[in-house]
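Please study the display before working through each solution.

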Amino acid sequence: MASKYKINEARQLYLLVLDNLLGNKGEWKKFLEFSSEFYKYKFIENLLIYGQNSDATVCATLQEWNSVGRWIKPGAKIMKYT
């Protein structure tokens, strides 16, 4: 189960990115183009992915990466805040 710290961190990222999108038409367009590549995800998930890495091209769970032979180092952090 996610800790309160991680939930608060995700909430802050969500609000920061949403505020940025609502105040900037160019950024909103970029987000919509980004979201078209991740159409299987919900809006909130797209927003959080975009907030961590607006250049992301693929997103998957640890189990999905492992199933295709890609291994994530234990303890690796892949978070970037814009």
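**Exercise 1.** In what order do the elements of the protein run from the N terminus on?

*Solution.* This is a predicted model, in which local features need pLDDT of at least 70, side-chain atom pairs count only at pLDDT 80 or more, and totals for chains, interfaces and linings use all residues. Residues are numbered from 1 along each chain as its sequence is written, and side-chain values use heavy atoms, with hydrogens and water left out. From the N terminus on, the order is α-α-α-α. The secondary structure thus comprises four helices and zero strands, where helices (H or I, at least four residues) and strands (E, at least two) are DSSP runs numbered from the N terminus.

**Exercise 2.** Identify the residues of the largest nonpolar core and the elements that supply them.

*Solution.* A nonpolar core is a set of buried (under 20% relative accessible area, 1.4 Å probe, protein chains only) Ala, Val, Leu, Ile, Met, Phe, Trp, Tyr and Cys residues joined through side-chain atoms within 4.5 Å. The largest one has 12 residues: L13, V17, L18, L21, F31, F34, F38, L47, L48, I49, Y50 and A56. Two or more residues come from each of α1 (4-22), α2 and α3.

**Exercise 3.** Which residues does A56 contact, leaving aside its neighbours within four places in sequence?

*Solution.* With contact meaning heavy atoms within 4.5 Å, A56 touches F34, F38 and I49.

**Exercise 4.** Is L32 buried or partly exposed?

*Solution.* L32 is found in helix α2. Its relative accessible area is 44%. Partly exposed covers values between buried and exposed (over 50%), so L32 is partly exposed.
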